[in-house]
Amino acid sequence: MIDSQWNDWWISLGGHLPPGLLALLCAAAGFAVALSAVSLLGARRPARSALLVALRLGGVGACLLVALEPALELRQVSSLPNQVAILVDGSRSMQVRPPDGGPSRAERAAALLRGSAPLFDRWRQDGHRVDVFRFGESLAPAPLDAAVDAAGAADATRTGEALGELRARYAGRDLGAAIVLSDGIDNGRIGRGPLDAETRAVLAGLGAPVHTVLTGEPHVRDLSVSAVLADEFAFVRTPIKIEAIIRQRGLAGRVVDVTLSRDGRTVDGRAVELGGEASEHRVAFDWTPDHPGNFVFEIAAPVLGGEALGENNAQVFTLKVIRDRVRVLHVCGRPSWDERFLRSLLRRDPNVDLVSFFILRTQEDMEPLDARELSLIPFPDKEIFHDQLRSFDLLVFHNFNYLPYKVEPYLAGVRDYVEGGGAIAMVGGDLSFGSGGYGLTPLRDVLPVELDVLPPGEDRGTSTDVFRARLTAEGRGHPVTSLSLDARENEVRWTVLPPLEGLNRVHRAKPGTATLLVHPSQKDGTGRPAPVLVAGTAGKGRALALLTDSAWQWGFLAAGAAGGAEPGGRPAGESGSGGAGGAETAAGASGAGRAFQRFWENAIRWLVRDPALTLLRIEPDRVEYRRGQPVGVRIRTLRPDYTPAAGVEVTLALASADRPADRAGEDRAGGKPPRETRTTTNQDGEARVDLGALAPGAWRISAGATLESGAAIEEQTVLVRAEWRELEDVASRADVLREIANLSGGWFRDGGDLEGLRIRPPRERRIGKQKTVELWSHPGMLALGLALLAIEWTLRRRSGHA
Amino acid sequence: MGGQHNPAGGSRRRFLALAGLCGAGALSWPRRALAIGDRSKFRIGRLALPGLPDPRPGALPRLAWELERRTSLVVPAEASQAVVDLRLSDPDLFRHPFLVLSGDRAFAQPPDEDTARLRRHLVFGGFLLCDSAEGRAGGGFDESVRRLLQRVLPGDLPARIADDHVLWRSFYVLGGAPGRVQAAPYVEGVERDRRLAVVYSQNDLLGAWPRDGFGRWLHDVVPGGDSQRELAFRFGVNVVMYALCLDYKTEQAHIEYILKRRRQLR
């Protein structure tokens, strides 16, 4: 009766009647039959009673069928395919290999997917579409071959979030099943489980089973530096604690050396004995920064045989060390007023931590019978020039001769200290520069003047005339000789200062240095005015040469020359000079007596690279970036008077700071970063450079420019950090996957294949044709019903029933 | 740390040799070359006030000589250049941060203008050593000095210098400061800006120092004789070293060494 073109049918009954009427008809029919049956209860002839009831039933039923108009509904129906979503873990932990060195988790997952290709074909034939996604930090469609590609592995696994994205993608669509292939490591909201409320809601909302397949190992062997606990910045000479959490699995009983390295050099180490099948150890390092800067640190543990992953055995981090006080070593070959007034202002300056060593007597001086009657102590050459050298921000060699004090062996170290970022100021005198024999020592490499090679104490290295130092063109714009921000007033101040007496003669100022003050008449070895004050750089450090020992007169003598008593009976300088404080150093704050103090304050700030004095500034958006986050840098250029310098071309160079080789351009999202780029500052003396996203690691950004004050270089370090929690414990976690499967009605499998996984049939269907065939709607059916009722009525009358 | 070059041995012989030189009374020392420029050498400015003659001529050149011999200081080769007589109104007053005022009698107070110059000198970094040659405490000079200091540094009265002050160990480790006499068992000072700007002794410190033209001591030292004289020299050296180095010896690096020696001495 049903043609093969129809693949769906059903019988409709009373579909045309309102539900109330339909119910009333059915109730009436039932009542009629029941009434007949009740009336025949207790009748003497049961057979006749049964016949009467049967006739009533048949008659009422026939009439009811006619009223309900039964019909056969025939349809030609086709199903719409639903989706099967396969979610493959594409995170870095999937690169873990078993202890025997077999295929990694990702490789095993890839093999599983490849082997399931026939199954996927069957699913398609059964009306399912197979969609493949790769998930890590987020969910993204991926071709089957690329889903487990090691390249570009994600830094995190956020399974719960990925399922949430899946629900959003399939909202209003028919999802037959989801299949998750993962090692169970999650650093999102699920973590180590149990599932959070949001993930539970997501699973309920999917409306489809989520099957989970674990790609892990029963045993894994791994050692990792799972976390580093350190402040973002520290103060020079203030001890800090750097802690690392070392996690191990399957390496019980091993002793490993955990090292702390700074800029590639090991600075500390700890032996750690690993205990238990899986354990966590906290390793603490104490470190005292000895100079400011941005440092790149690494805490590393060795990669042991059979380890699941080697790249989680080290962590890189940056630490910015800032200076709270400038630590100055003042070494003086002989007490003098120049030393005395410099010491006076240094010890009063709250920003200076002063350590002094003065030679108060020499081998030639008379010694008392009992040396204990002297308060003097031997010159601590090794302590200050070797052990403590790098703790100083600035060395001041104040008319100090190295020769009698066994200092010569340390001078190479002093040179290295300066070239490595330290600072030195040499102040003149008969024991300084060429007369001090420094022309024969490694210090000549860092001093900003070329010294004649003279034996120590040689008078030819000095002259004794009285002269007024002349400010040079370079000196007019240099921060060291800035007694006033107003250029004209600055020049005036220099011209009215008391004259100097005595000069250390040098061959010349080195090329590339800044000669700030010169002798008005004497010439150097090249015929140019003899330098009096020269500032220069040496490697990463700075050096200053003040070629006289009479600069103290810029303060004391000038204060006396100002004359007169201060109003109110107190010296003007006492009444709140601030800064260095005190009447003496602030002498003549309103006059020339302040020049000595101002000069040395400037010199110290310049020597130690006080950031406030930097005319080229480079400011990254932040110190640490996440992988993929674009690195932006703001550049500022300033004139010597600290107003913006517009239109300055700045060259920006990028180099890796934690690896020997430059890694610029490696593994970067969104194109290659520039190794070197140029920009020009705008009217506000600012420029912004976007370096794009950089590969994880520490990066040193150097800016170079030629400013009015000369060439300037500035450096900053930034860290691009990969999400590290992904690898802190690489043991696979079945519990999370099992819970996901159970809650969603799916199945959990520990490896194996995908055969037999339940996929919900498609819900959506399309109706092609349909036909209605009416049943029993023939007039004879009504006649039959009425006839049966008539017979029943007749028999009932004859048998005496009402 | 820091301070001296300390070769081993030979100290007694050298001391005796130097003592011999002292006996010869030689006040010229063509020794080190020294310093560039005359202003770099250490000079003593002797304040010459009207009506106050120098009671101890020759004392300060002798101190300068001792400084040259005992310390690394460089002083002018000629005694006449090592000590400069200065009036308060002298234009060169501020070329000499170290001043000495010595007297044996009361003196007239300088005019206000001179007083202001002295105040400016002391406040801006200068140093004044006052020494009474009266041989007793509380004489006319003492009264005049106190009045002068009251005018120069009003509100900052001389006070006894504490036993633990760095002045007692700025070069030698000392427990007191006798001069030609021991008129007062203490030394006073005036502090300005965390440093002593004035040191005042009533023990005729300068009286213990000078010799005559034949090398003999000009004045007897009582009651301690030569050992007391040596202490007077040592105190003079300490005062100069303190003026030049301030509290250098209080830096942490020095304290342990110095305290240890001090304990041994006692």
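User: Which ring does the charged end of B:R211 sit over?

Analyst: A charge sits over a ring if NZ of Lys or CZ of Arg is within 6 Å of the ring centre and within 35 degrees of the ring normal. Here the charged end of B:R211 sits over the ring of B:W217, 3.6 Å from its centre. B:R62 also lies over a ring face, that of B:W65, at 5.3 Å from the centre.

User: What should I know about the model and the numbering?

Analyst: The model is predicted: local features need pLDDT of at least 70, side-chain atom pairs count only at pLDDT 80 or more, and totals for chains, interfaces and linings use all residues. Residues are numbered from 1 along each chain as its sequence is written, chains are lettered from A and ligands numbered from 1 in the order written, and side-chain values use heavy atoms, leaving out hydrogens and water.

User: How many aromatic pairs does the structure hold?

Analyst: Rings of Phe, Tyr and Trp (its six-membered ring) pair if their centres lie within 6.5 Å; planes under 30 degrees apart are stacked, over 60 edge-to-face, the rest tilted. The structure holds 30 aromatic pairs over all chains. One of them, A:W554 with A:F599, is edge-to-face: 5.5 Å centre to centre, 85 degrees between the planes.

User: Are A:W554 and A:F599 buried or exposed?

Analyst: Buried means under 20% relative accessible area, exposed over 50%, partly exposed in between (1.4 Å probe, protein chains only). A:W554 is buried at 2%. A:F599 is buried at 0%.

User: Which residues form one aromatic cluster?

Analyst: The members include A:W337, A:F341, B:F42 and B:Y242.
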